[in-house]
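Here is a short report on one protein model. Please keep the sequence and the coordinates at hand while reading.

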Amino acid sequence: MCHTVLIVEDDVALQQMLAWELEDLGYQVTATGNCRSGKALFEARDFDLVLLDYNLPDGDGVQLTDELRRSRPGVPVIMFSGAGCQDTPERALRSGAVHFVVKPASTALLHRLFQKVLNCHHGRA
């Protein structure tokens, strides 16, 4: 089964690299670089999972996670960040993210995490 992933990441090079590598692993990837377009894409299409940057140019991942979870609570959100703020992972998880990943993270690590999250998510459905 081809899982659909929405990546919201403002670093265009990282966004493109993740999209290519995840597509090579069989995911159908849609990527964007800000909260506004991320939210619009999320509301317009069905996604199995969201990979969301913590710091975005027009807001933060915590606020967007909260909005996405209210819109479709069943879609898991994984937040990631290179920011070194100590309370970042706690804020991310409190907002409804199922995991927090520190950048840089390998595509192999993300793939294993995606599989784990999607198996748990689909196991409840």
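Arg45 touches Gln28, Thr30 and Arg72, leaving aside residues up to four places away in sequence. Contact here means heavy atoms within 4.5 Å. Arg45 is placed in the loop between H2 and S3. Its relative accessible area is 34%, so Arg45 is partly exposed. The scale is this: buried is under 20% relative accessible area, exposed is over 50%, and partly exposed lies in between, with a 1.4 Å probe and protein chains only. The C-alpha atoms of Arg45 and Thr4 are separated by 9.7 Å, although the two residues are 41 residues apart along the chain.

The model is predicted: local features need pLDDT of at least 70, side-chain atom pairs count only at pLDDT 80 or more, and totals for chains, interfaces and linings use all residues. Residues are numbered from 1 along each chain as its sequence is written, and side-chain values use heavy atoms, with hydrogens and water left out.

**Overall fold**

The protein has five helices and seven strands. Their order along the sequence is β-α-β-α-β-β-β-α-β-α-β-α. The radius of gyration is 13 Å, close to the 14 Å that the globule rule gives for 125 residues, so the protein is as compact as a globular protein of that length. That radius is taken over C-alpha atoms, and the rule is 2.2 Å times the number of residues to the power 0.38. Helices (H or I, at least four residues) and strands (E, at least two) are DSSP runs, numbered from the N terminus.

Along the principal axes, the C-alpha trace spans about 35 × 30 × 25 Å. Of the 125 residues, 45% count as buried. Among contacts with a separation of 6 or more, 62% come from residues 24 or more positions apart.

H2 covers residues 35-44, and its buried residues are Cys35, Ser37, Gly38 and Phe42. Seen down the axis of H2, these fall within an arc of 170°, so they line one face of the helix. The arc is that of the directions from the helix axis to the C-beta atoms. Arg36 and Ala44 are exposed, on the face of H2 turned away from its buried side. The buried residues of H2 pack against strands S1 (4-8), S2, S3 (49-53), S4 (55-56) and S5 (59-60), and against helix H3 (61-71).

In H3, Gly61, Val62, Leu64, Thr65 and Leu68 are buried. Down the axis of H3 they fall within an arc of 160°, so they too line one face of their helix.

**Polar contacts**

The table lists pairs of N or O atoms within 3.5 Å; within protein, one must be able to donate a hydrogen and the other to accept it, and residues adjacent in sequence count only if both atoms are side-chain atoms.

| Site | Partners | Distance |
|---|---|---|
| Arg45 | Arg45 side chain, Thr30 side chain | 3.1 Å |
| His3 | His3 side chain, Asp48 side chain | 3.4 Å |

His3 is in the segment before S1. Its relative accessibility is 17%, so His3 counts as buried. His3 and Phe42 are 39 residues apart in sequence and 14 Å apart in space, C-alpha to C-alpha.

**Rings and charges**

How many aromatic pairs are there? The count comes to one. Tyr27 and Phe114 form this edge-to-face pair, at 5.5 Å centre to centre with 90° between the planes. Tyr27 lies in the loop between helix H1 (12-24) and strand S2 (28-32) and Phe114 lies in H5, so the pair ties together parts that are 87 residues apart in sequence. Both Tyr27 and Phe114 are buried. The rule takes rings of Phe, Tyr and Trp (its six-membered ring) with centres within 6.5 Å; planes under 30 degrees apart are stacked, over 60 edge-to-face, the rest tilted.

A charge sits over a ring if NZ of Lys or CZ of Arg is within 6 Å of the ring centre and within 35 degrees of the ring normal. The charged end of Arg72 sits over the ring of Phe42, 4.6 Å from its centre. Lys103 lies over the face of Phe80, 4.8 Å from the ring centre.

**A cis peptide**

Most peptide bonds are trans. The bond from Lys103 to Pro104 is cis, with omega near -5°. Pro104 is found in the loop between strand S7 (99-102) and helix H5 (107-124).
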